[in-house]
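Visitor: I have a model open and I'd like to learn how to read it. Could you walk me through it, feature by feature?

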Amino acid sequence: MSNLVRAALVQQRWTGDKDSMIAGAVDAIGTAASQGAQVVCLQELFYGPYFCQVQDADYYSYTEGIPDGPTTKLLQEVAERHGIVIVAPMYEEEQAGVYYNTAAVIDADGKYLGKYRKNHIPQVKGFWEKFYFRPGNTGYPVFDTAVGRIGVYICYDRHFPEGWRALGLAGAKIVFNPSATSRGLSQYLWRLEQPAAAVANEYYVGAINRVGVEPLGDNDFYGQTYFVDPRGELVGDAASDTEDEVVVRDLDMDKLSEVRNLWQFYRDRRPDSYDPLVAP
C-alpha cells in the first residue's frame with residue numbers, strides 16, 4: 001500500500017480587510033479538510049495585502065505576536081476542530097519595533113509547534129521588505145507533525161539553495177514555500193526553482209502564490225500554486241493564475257525512498273569541500 005499524505009495549499013486574492021481574509025482562509029482550511037487534507041499551508045502574509053509594494057509605517061499595525069496573538073490562537077482551534085496541520089504565514093511582532101515575516105506551524109491536535117522566520121529579505125522595487133522585516137534568526141527548523149517532518153521556506157528564500165539543503169539534511173519530507181510573487185519579475189522562475197529544489201533535495205515542495213493586482217501597486221500576483229514531487233514533476237495541475245483556489249493533492253511518500261535509493265545525493269555530498277560557500 002502506498003504511504004500517502006493528502007496535502008493542501010490555499011491561494012487568495014486580497015479582499016480589502018484583514019477580518020475577511022482570515023475568514024476566507026478559515027473557510028478554505030475547512031474545504032481542504034472536507035476533502036481529506038491532513039496538512040494545509042496558507043500564502044505569505046496571508047491575512048493582509050502584500051504591503052511591501054510601498055514603504056509605509058502604517059502597515060506595522062498588521063503585526064501580531066506568535067504564538068500569543070489572536071490569529072495563531074484562532075488557527076489552533078481550527079486545526080484541532082478539523083484534525084489538520086496548519087502552516088500560517090503572518091507578520092510577527094517580537095517586541096516593539098522588531099518585526100519578522102514568519103510562518104507558525106500548528107499540529108493536527110491544535111498544538112503550536114514553532115515558527116520559521118524568513119531568512120532572506122529582498123529590497124527591490126515593489127518588494128521593499130527590509131523596511132518591514134528583520135532577517136530571520138530561527139535557522140531552518142523542521143517540525144515533527146502528524147503528517148511527518150515538514151519545513152518552511154518563504155518566498156524570496158527560494159532563490160537561495162542553501163536553506164533548501166539545510167531542510168533536507170534535517171529530515172524534511174515536505175517543504176512549503178508560501179510566496180507573493182508577480183508577473184514580469186519572477187514568473188519565468190516559478191516552474192523552475194521549486195522543482196529543481198525538490199529534485200536536488202529529494203522531497204516534496206508545495207509552492208503557494210497569491211492572485212490579483214492589489215491597490216498598493218501594479219504587482220500582478222499570478223497564482224499557479226502547485227505541488228511538485230522529488231522527480232520534479234507537478235502533482236496534478238497548477239492552480240488558476242487569476243482566481244482563489246484550494247489545491248488538494250495526494251503525495252506518495254514512498255516516492256522519496258525510491259528517488260533517494262536511485263540518486264544518492266546525500267551520500268555523495270562533500271561538506272569537507274564547501275567551506276568557501278559560507279565565507280563572508
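Guide: Happy to. Keep in mind that this is a predicted model.

Visitor: Now the pairing itself. How many bridges join E10 to E11, and do they run parallel or antiparallel?

Guide: Five bridges, and E10 (residues 174-178) and E11 run parallel. For a spot to check, Ile 174 stands opposite Tyr 204 in E11. E9 (residues 148-152) is also parallel to E10, joined by three bridges, and there Gly 151 stands opposite Val 175 in E10. The antiparallel case is E11 with E14 (residues 226-228), over three bridges. Gly 206 has Phe 227 as its bridge partner in E14.

Visitor: E11 keeps coming up. How do I read the two faces of a strand?

Guide: The general idea is that side chains in a regular strand alternate between the two faces of the sheet. In E11, Tyr 204, Gly 206 and Ile 208 are on one side, with Val 205 and Ala 207 on the other.

Visitor: What should I expect of the nonpolar side chains?

Guide: In soluble globular proteins, they tend to be buried together. Here the largest nonpolar core has 44 residues, and those with the most contacts inside it include Ile 174, Phe 227 and Leu 251. E11 gives the most to this core, with four residues. Apart from it lies another core, of 42 residues, with Ala 37, Phe 51, Ile 86 and Ala 104 among them.

Visitor: Take Leu 251, then. Which residues does it touch?

Guide: Leaving out residues up to four places away in sequence, the contacts of Leu 251 include Leu 4, Val 5, Ile 174, Tyr 204 and Phe 227.

Visitor: What other open sheet can I find, and in what order do its strands run?

Guide: There's an open sheet of six strands, E5-E4-E3-E2-E1-E15, with mixed pairing. E5 (112-117) and E15 (245-252) are the edge strands, each pairing on one side only. Neighbouring strands here are turned by 30° against each other on average, direction ignored. E1 (residues 4-11) pairs with E15 in the antiparallel sense over eight bridges, and Gln 11 has Glu 245 as its bridge partner in E15.

Visitor: Which helices pack on this one?

Guide: Helix H1 (residues 18-34) touches E1, E2, E3 and E15, and its direction makes about 35° with that of E15. Helix H2 (residues 70-82) touches E3, E4 and E5, making about 165° with E3.

Visitor: Last one: how do I read aromatic pairs?

Guide: You describe a pair of rings by the distance of the centres and the angle of the planes. A search of the whole structure finds 25 aromatic pairs. Tyr 60 and Tyr 132, one of them, are edge-to-face, at 5.9 Å centre to centre and 80° between the planes.

Visitor: Why does that pair tie together separate parts of the chain?

Guide: Tyr 60 lies in the loop between E2 and H2, and Tyr 132 in the loop between E7 and E8, so the pair ties together parts that are 72 residues apart in sequence. Tyr 60 is partly exposed, with a relative accessible area of 24%, while Tyr 132 at 2% counts as buried. Tyr 132 also pairs edge-to-face with Phe 131, at 5.0 Å and 75°. These rings belong to one aromatic cluster, whose members include Phe 51, Tyr 60, Phe 131 and Tyr 132.

Terms used. Residues numbered from 1 in each chain as written. Predicted model: local features only at pLDDT ≥ 70, side-chain atom pairs only at ≥ 80, totals over all residues. Heavy atoms only, no water. Buried < 20%, exposed > 50% of the residue type's maximum accessible area, 1.4 Å probe, protein only. Helix = DSSP H or I, 4+ residues; strand = E, 2+ residues; numbered from the N terminus. Pairing = 2+ DSSP bridges. Core = buried A, V, L, I, M, F, W, Y, C linked by side-chain atoms within 4.5 Å. Contact = heavy atoms within 4.5 Å. Axes fitted to C-alpha atoms, helices over the stretch in contact; angles between N-to-C directions. Phe/Tyr/Trp six-rings, centres within 6.5 Å; stacked < 30°, edge-to-face > 60°.
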